[in-house]
Amino acid sequence: MSPKNVVFKKICKDKSVGVYMGRRDFVDHVDSVDPVDGVIIIDPEALQGRKVFVTLSCTFRYGRDDMDVMGIAFRRELYLSTRQVYPPLQDPEKGVHTKTQAKLLRKLGHNAYPFFFEFPDNLPCSVALQPSPQDVGKQCTVEFEIKAFSAESQDGKVHRRSSVKLLLRKVQYAPESAGVAPSEETTEKQLHVKASLEKELFYHGEPIKVNVCITNNSSKNIKNVIVSVDQVANVVLYSNDSYTKAVAIEEPGDSVPPGATLQKVYTLLPLLANNRERRGIALDGKLKHEDTNLASSTIVKDGVLKEVMGIMVSYRIMVKLIVGGMMGSSEVDLELPFKLMHPKPDAGKESEMEEEMEFQEFKRSYLKGMIDDEEDGNTSAGDDMAPAEK
């Protein structure tokens, strides 16, 4: 049995326009970003002389849809690009950039047209701040979306029945070259603390071992040692808010009396499963689906302004000593920055032309943590517009 290529499809309600795409995740390689490509199928009868356009957008939302700032809901388009697909402005063959597009065009027939977008290299990745269980509506998020619609002109009125939206994701994977393993130490009032990690980069779901060495040359007792993984999410575009959340913590009750030394390895495992009810945690998507995970560390290309990145995510190990004293307790802190990301998938070869295609309804719920968009009036109409299987 030959392998199958999954192709995601979605048709607007009046069936004038449909979108077919071979993938929904697009990788930011820092130096470049995977282009967005697909095929539009049209029904000339349903169009009734209207034109067909496709847009790729990147939108930053801050707060719920019913919230506003000075009477205006805060929603900023970081990027918007529009292409006219029908009637075509160039030979459709010149718009074919991938084998998947070429095969889709042959399969879908003469009413199918290709589209192609290239991302600029200064856009953020898809990320959202986790709402509390009581919150409803849109939250603080960076979203990417493909929208196909029919209208009299590009700026003409667009009816929901004549448009279809597909939420995409822009993701980053761990770089091939690793940085220097973090190691920090500090001395404060005859308390010496040193902490180190075995490497700078960890994958989601991988335990993090923190080597801690404490030498207490003071007359005070170290009552407790707390080691945690902090996620720091900076909303840099609008308010410069910063959310620091401990997403994993080890507090076994270790103490270090005067004149003693403690050397110990603490193991932490930062997982969304242990933080699902906590508002403000940064995610690679919304919370409602099981395969959602903590947001990956943000890697910014040299020369790109951080202010346009929307939400920037970083991680650090915090080692905190609780020191007893006559006037109450004090703290000694040590910080170790590190990266938390997904490993880069094995580079698969682009599918051969002979491979069979499998069409699958495109819903936002197929994306990690994304909600379905039936409320926008965009429903899939199956294969109504596609020719019969051959």
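This is a predicted model: local features need pLDDT of at least 70, side-chain atom pairs count only at pLDDT 80 or more; totals for chains, interfaces and linings use all residues.
Reader: OK, and what share of the residues is buried?
Author: Of the 390 residues in the protein chain, 47% are buried. Buried means under 20% relative accessible area, exposed means over 50%, and partly exposed is in between (1.4 Å probe, protein chains only).

Reader: Switching topic: how many helices and strands are there?
Author: Two helices and 21 strands. Both are DSSP runs numbered from the N terminus: helices are H or I with at least four residues, strands are E with at least two.

Reader: How many salt bridges are there?
Author: The count is 12. A salt bridge here is a side-chain nitrogen of Lys or Arg within 4 Å of a carboxyl oxygen of Asp or Glu.

Reader: Which residue pairs with E176?
Author: K344 does, at 3.5 Å from N to O. E176 sits in the loop between strand 10 (163–171) and strand 11 (183–188), and K344 in the loop between strand 20 (330–341) and strand 21 (356–361), so this bridge ties together parts 168 residues apart in sequence.

Reader: Are those two buried or exposed?
Author: E176 is exposed at 73% relative accessibility, while K344 is partly exposed at 43%.

Reader: And what does R316 pair with?
Author: R316 forms a salt bridge with D230, 3.4 Å from N to O. R316 is in strand 19 (residues 311–323) and D230 in strand 15 (residues 222–235), so the pair links parts 86 residues apart in sequence. D230 is buried, with a relative accessible area of 8%.

Reader: What about E331, which partner does it have?
Author: E331 bridges to K320, with the closest N and O atoms 3.8 Å apart. E331 lies in strand 20 and K320 in strand 19, so this pair joins parts 11 residues apart in sequence. E331 is partly exposed at 43%, and K320 is partly exposed too, at 28%.

Reader: Which residues do shared partners join into one network?
Author: D230, R316 and E335 are joined that way by salt bridges.

Technical notes
Residues are numbered from 1 along each chain as its sequence is written. Side-chain values use heavy atoms; hydrogens and water are left out.
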